[in-house]
Amino acid sequence: MKNNKILDKKTLDDTTKHLPSHTLCLCLSLSLFWWINSNYSNALLLSLGAASILLVLYIAHRMDVIDHESQPVHLSLKMPSYLLWLTKEVIVANISVVKHIWLGNSSISPTLVTIDASQRTDLGKVIYANSITLTPGTVTVDLVGDRMTIHALIKDNIDTLKAGEMDRRVTELENRC
């Protein structure tokens, strides 16, 4: 019984070692979100906003949902460069989809393929799957383990995914942190 308590304490220490930074990040995010949406500087409204943020932090802490997945602080510095690259890819894919719509049904070749993901964490796999879905013309239909089922409007989109540029960039984002 004593070993279980030690193991539980070690597991608890591992899960809560980043808790203050994640809690602080959540607090700052909620504060900024509240201030942008309200834009009030009245003392009463500021204190009510602070009270509501503290209540949300208390509830989130009691629910034990403040962790590295709900507040991925470790991705904060690397994410802007990835988002810029993804924005470029979304624009290029938009142009391609519009071109194929103008060309008609004969230029569209719907494809459903399963590809492997090289990400280690669930967060990395979700970022990869969402990036695929955000890119027009492709949708991640299923994600089981390290395999994703992708539907593409055009077969060339699958070939681009199989080339691995997006997979490599997401893995790089995940590994640099």
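**Exercise 1. Determine the strand order of the sheet and the sense of its pairing.**

Solution. Step 1: in this predicted model, the open sheet is formed by 3 strands in the order β1-β3-β2, with antiparallel pairing. Strands (E, at least two residues) and helices (H or I, at least four) are DSSP runs, numbered from the N terminus. Two strands pair if DSSP finds at least two bridges between them.

Step 2: β1 (111–116) and β2 (138–144) are the edge strands, each pairing on one side only. From one strand to the next, the twist averages 25°.

Step 3: the antiparallel pairing of β2 with β3 (residues 147–152) runs over 6 bridges. V139 has H151 in β3 as its bridge partner, and V144 stands opposite R147 in β3. The hairpin of β2 and β3 has 2 residues between the strands, and G145 there takes a positive phi near 65°.

Step 4: β1 and β3 also pair in the antiparallel sense, over 6 bridges; T111 has A152 in β3 as its bridge partner.

The model is read under these conventions: residues are numbered from 1 along each chain as its sequence is written, and side-chain values use heavy atoms, leaving out hydrogens and water. As the model is predicted, local features need pLDDT of at least 70 and side-chain atom pairs count only at pLDDT 80 or more, while totals for chains, interfaces and linings use all residues.

**Exercise 2. State which strands helix α6 lies across, and whether N157 is buried or exposed.**

Solution. Step 1: helix α6 (residues 155–163) lies across β1, β2 and β3 and runs at about 5° to β1. Angles run from 0 to 180 degrees between N-to-C directions, and axes are lines fitted to C-alpha atoms, for helices over the stretch in contact.

Step 2: N157 lies in helix α6. N157 counts as buried because its relative accessible area is 17%; buried means under 20%, exposed over 50%, and partly exposed in between (1.4 Å probe, protein chains only).

Step 3: apart from residues up to four places away in sequence, N157 touches P136, G137, T138 and A152. Contact means heavy atoms within 4.5 Å.

**Exercise 3. Describe how helices α5 and α7 pack.**

Solution. Step 1: two packed helices are described by the angle between their axes and the distance between the axes. For α5 (residues 122–134) and α7 (residues 165–175), the angle is about 145° and the axes are 10 Å apart.

Step 2: the residues that meet are G124, I127, Y128, S131 and I132 in α5, and M166, D167, V170, L173 and E174 in α7.

**Exercise 4. Identify the residues with the most contacts inside the largest nonpolar core.**

Solution. Step 1: a nonpolar core is a set of buried Ala, Val, Leu, Ile, Met, Phe, Trp, Tyr and Cys residues joined through side-chain atoms within 4.5 Å. The largest has 20 residues, and Y82, I115, Y128, I132, M148 and M166 have the most contacts inside it.

Step 2: α4 (79–103), β1, α5, β3, α6 and α7 each supply at least two residues of this core. α5 gives the most, with 5 residues.

Step 3: leaving aside neighbours within four places in sequence, M166 is in contact with Y82, W85, L86, Y128, S131, I132, T135 and L161. A second, separate core of 5 residues includes I53, L57, A60 and I66.
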